Each structure stands twice: as structure tokens, then as C-alpha cells.
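Please look at the sequence and the structure below before reading on.

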Amino acid sequence: MVLIRVLGSAAGGGFPQWNCGCLNCQGVREGTIRAVARTQESVSVSADGKTWFLLNASPEIRQHIEGFPPLHPRKPRDSPLEGILLTNGDLDHCLGLLSLRESYPLVLYATERVRRGFTEGNVLYRTLERFPEQVTWRTLKLGREEEMTAGGRPSGLSIEAVAVPGKRALHLEGLVTPDPEDNVGFRIRESATGRALAYFSAVGAVTPSVCQALEGADCVFFDGTFWSSDELPALGVGTKRAEDMAHVPVGGEKGSLALLAGVGAPRRIYIHLNNTNPLLREDSPERARVETCGWEVAYDGMEIAL
Ligand code: MLT
Ligand code: MN
Ligand code: ZN
């Protein structure tokens with residue numbers, strides 16, 4: 001069985017965001033809209049309920065671990081966390097790593113590009129280099145399935161990184177040239193049952209290879225950052241369109257809801273929701289629309305068993 005627990009379901013900034021007074025953020029603070037607060041994206045996955053993997057390390061990682069008892073230590077120095085997988089180098093996905101600096105070995109799965117983006121020229125990374133093997137990097141090669149191990153033994157899960165349209169992390173813009181390894185989605189498969197989770201929380205465009213990567217999955221998590229392309233400019237809280245930020249919007253003729261209509265996974269879930277997204281409001285027409293199409297909207301604490 002593949003056990004999935006959503007620890008954080010919001011995009012960078014979370015919901016509400018500290019410097020945002022938009023309708024959603026103010027409404028959730030004041031309790032005047034039907035919506036719940038969300039932390040920044042991270043999901044934990046396990047085949048046995050005992051050893052766990054994190055998909056992305058959110059700035060709220062401490063709260064995520066404390067809030068989910070299966071991730072608590074079982075003896076004085078311990079963690080059931082056997083590995084952390086990174087989809088890209090965005091700070092909402094990596095900053096949590098620096099909070100895990102209390103002298104415990106970590107296993108990180110990422111492409112070579114994402115590893116270099118986080119480690120090179122980053123003096124703070126030295127906090128994870130205080131003893132040999134504090135961090136073991138497991139390099140993900142595009143399209144190659146890797147076994148995920150727990151204590152050196154098979155964990156029952158394997159992972160394949162799939163390149164998807166995306167972008168470099170904001171803080172690397174101008175420093176490195178774009179590369180297909182900058183942004184990936186994951187296909188995570190349970191060896192015993194063949195059950196598959198497709199995890200694509202940052203997708204800049206729905207391409208044939210994206211559709212192919214979702215095929216045959218029992219559960220799909222997909223980029224739900226923005227409902228519309230002009231969501232930020234329309235609210236006066238930004239100038240960039242969704243596509244400029246490498247997030248395909250959910251709504252509209254060219255949105256993911258329309259373009260992924262053929263996806264057959266029994267569970268289809270939008271995650272990485274920006275605080276401006278009307279999908280956050282449980283009584284919005286946009287929310288009704290996705291639910292009519294068989295999609296769900298992730299929330300912190302959501303659990304799924306495949
Ligand atoms: C994104 O998802 O586009 C990034 O998290 C943006 C950022 O790094 O602030
Ligand atoms: Mn993000
Ligand atoms: Zn807001």
C-alpha cells in the first residue's frame with residue numbers, strides 16, 4: 001500500500017502570506033471566507049507506515065514533522081525519515097533542509113542540477129557538512145527508475161524523475177543557464193503492487209510528455225498554483241502572469257483542467273496553491289468546477305492510501 005500524507009499544500013508564501021492582504025488572505029485571517037490556512041508544499045510517502053520519504057522540504061518542516069506522529073523519533077536520536085526528494089530548487093521546496101541541521105544523517109534525492117543549485121556558493125549549506133556523510137545525495141537521472149532505500153534495504157518504493165517545463169529557482173536566475181533537470185516531477189511506484197503516484201507540483205505547460213508521465217498513475221498531484229494566467233496582475237499584487245512563473249493555470253481553455261481531461265487516475269489532486277487562488281474558497285464557482293471534473297484540492301493533513 002502507498003500511504004500519502006499531505007503536510008503542506010500551499011505555494012511559496014503559504015496561506016495566508018505574511019505580506020498579503022488580498023481577499024483570500026485577509027478572509028482566512030478574519031474567518032470571513034470558507035477556507036482553511038495552509039503551509040508550504042510538502043508531502044510524505046511510505047510503503048509500510050514505518051519508514052517515510054518527504055517530497056520537498058518546506059520552510060515549515062519542523063511543524064510538519066511534529067504534526068504527524070509517524071515522523072516522530074522512536075528513540076533518543078532517530079528519525080523515520082529515510083529520504084527527502086526535491087522536485088526543484090525553489091526555496092519553498094529546499095529551505096527546510098537547513099532546519100534539519102541537528103547532526104543527523106540525511107539522504108537527499110535530486111537531479112545533479114538541483115543539488116548544485118542548493119550546495120554551490122551556499123555558505124549556509126556548510127551546516128549540513130559538519131561530519132562526513134551528514135548528507136548523502138542520491139542523483140536522479142531523468143527517466144531512470146531508482147530504488148528508494150530505507151536503512152540500506154529496499155523501502156518498497158521506487159522513483160523516476162521526469163523533466164517537465166519549469167524554471168530555475170528565482171535566486172539562480174542570471175547565474176545559471178536553464179536546463180531540463182531544473183524542474184522535475186516524480187513517478188513513485190510500489191514494487192509489490194505496482195501502484196503509482198504521479199507527483200507534479202510545478203508544471204509550466206501541459207506537454208505530451210507531461211500527459212504521458214501521468215498515464216497509468218493511481219493518484220496524480222498536479223500544479224494548482226494559479227486559477228488564471230492574470231491572477232496576480234488582476235488583484236494588483238504582482239505583474240507576472242502564471243506562465244511567466246512557469247505555472248500552467250488550472251482554469252481556461254489552455255488550463256490544466258481542460259488539457260488533462262483525459263487523465264484516468266482515480267484520485268486527481270491540485271496542490272501548491274497560491275494564496276490568491278479562488279480554488280481555496282470552498283464555496284467558489286472555480287472550486288465547484290474542478291470538483292465536477294473529478295479533481296480535489298489538497299489541504300494540510302489530507303491522507304490517501306493507494
Ligand atoms: C514558484 O513556485 O514559482 C516559486 O516557489 C517561486 C519562488 O521561489 O518564490
Ligand atoms: Mn513554489
Ligand atoms: Zn494573499
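Which residues are the protein donors of the zinc ion (ligand 3)? They are Cys20 (SG), Cys22 (SG), Cys25 (SG) and Asn275 (OD1), at 2.2 to 2.3 Å from the ion. Donors are N, O and S atoms within 2.8 Å of the metal (3.2 Å for Na, K and Ca), and since water is not among the atoms, sites may look incomplete.

This is a predicted model, in which local features need pLDDT of at least 70 and side-chain atom pairs count only at pLDDT 80 or more, while totals for chains, interfaces and linings use all residues. Residues are numbered from 1 along each chain as its sequence is written, chains are lettered from A and ligands numbered from 1 in the order in which they are written, and side-chain values use heavy atoms, with hydrogens and water left out.

## The metal sites

The 4 donor atoms around the zinc ion (ligand 3) subtend angles of 99 to 119°, and therefore the arrangement is tetrahedral. Four donors count as tetrahedral if all angles lie between 85 and 135 degrees. For comparison, the ideal angle for four tetrahedral donors is 109.5 degrees.

Along the chain, the donors of the zinc ion (ligand 3) have the spacing C-x1-C-x2-C-x249-N. Distant parts of the chain are linked here: Cys20 belongs to the loop between strand E1 (3-8) and helix H1 (23-30), and Asn275, 255 residues apart from it, belongs to the loop between strand E12 (267-271) and helix H8 (285-292). Helices (H or I, at least four residues) and strands (E, at least two) are DSSP runs, numbered from the N terminus. Cys20 and Asn275 are buried. Buried means under 20% relative accessible area, exposed means over 50%, and partly exposed lies in between (1.4 Å probe, protein chains only).

The manganese ion (ligand 2) is coordinated by Asp92 (OD) and His272 (NE2), at 2.1 to 2.2 Å. Asp92 lies in helix H3 (residues 91-94) and His272 in the loop between E12 and H8, so this pair ties together parts 180 residues apart in sequence. Asp92 and His272 are both buried.

## The sheet of 7 strands

An open sheet is formed by 7 strands in the order E6-E5-E4-E3-E2-E1-E14, with mixed pairing. Two strands pair if DSSP finds at least two bridges between them. At the edges stand strand E6 (135-139) and strand E14 (303-305); each has a single partner strand, so one side of each is left without a neighbour in the sheet. On average, neighbouring strands of this sheet are turned by 25° against each other, direction ignored.

Helix H4 (residues 112-119) packs on the sheet and touches strand E5 (106-110) and E6. The direction of H4 makes about 150° with that of E6. Such axes are lines fitted to C-alpha atoms, for helices over the stretch in contact, and angles run from 0 to 180 degrees between N-to-C directions. In H4, the buried residues include Arg113, Val114 and Phe118. Among the elements that cover the buried residues of H4 are H3, E5 and E6, where contact means heavy atoms within 4.5 Å.

## Strand E12 and its partners

Of the 5 residues of E12, 4 are buried. The table lists parallel strand pairs, two of which involve E12.

| Strand pair | Bridges | Residues standing opposite |
|---|---|---|
| E3 (residues 52-55) and E4 (residues 81-85) | 4 | Leu55 and Leu85 |
| E11 (residues 219-223) and E12 | 5 | Cys219 and Arg267 |
| E12 and E13 (residues 295-297) | 3 | Arg268 and Trp295 |

E12, H8 and E13 make a right-handed β-α-β unit. Right-handed means that, with the strands pointing away from the viewer, the path from the first strand over the helix to the second runs clockwise.

Most residues other than glycine have a negative phi, and most peptide bonds are trans. Ser103, not a glycine, has a positive phi of about 50°. Ser103 is placed in the loop between H3 and E5 and is partly exposed, with a relative accessible area of 35%. Ala246 has a positive phi of about 60° and is not a glycine either. The loop between helix H6 (231-235) and helix H7 (256-259) holds Ala246, which counts as buried at 10% relative accessibility.

A cis peptide bond, with omega about 0°, joins Phe15 and Pro16. Pro16 lies in the loop between E1 and H1.

Technical notes:
Four donors count as tetrahedral if all angles lie between 85 and 135 degrees; four count as square planar and six as octahedral if opposite donors are over 155 degrees apart and all others between 65 and 115; anything else is irregular.
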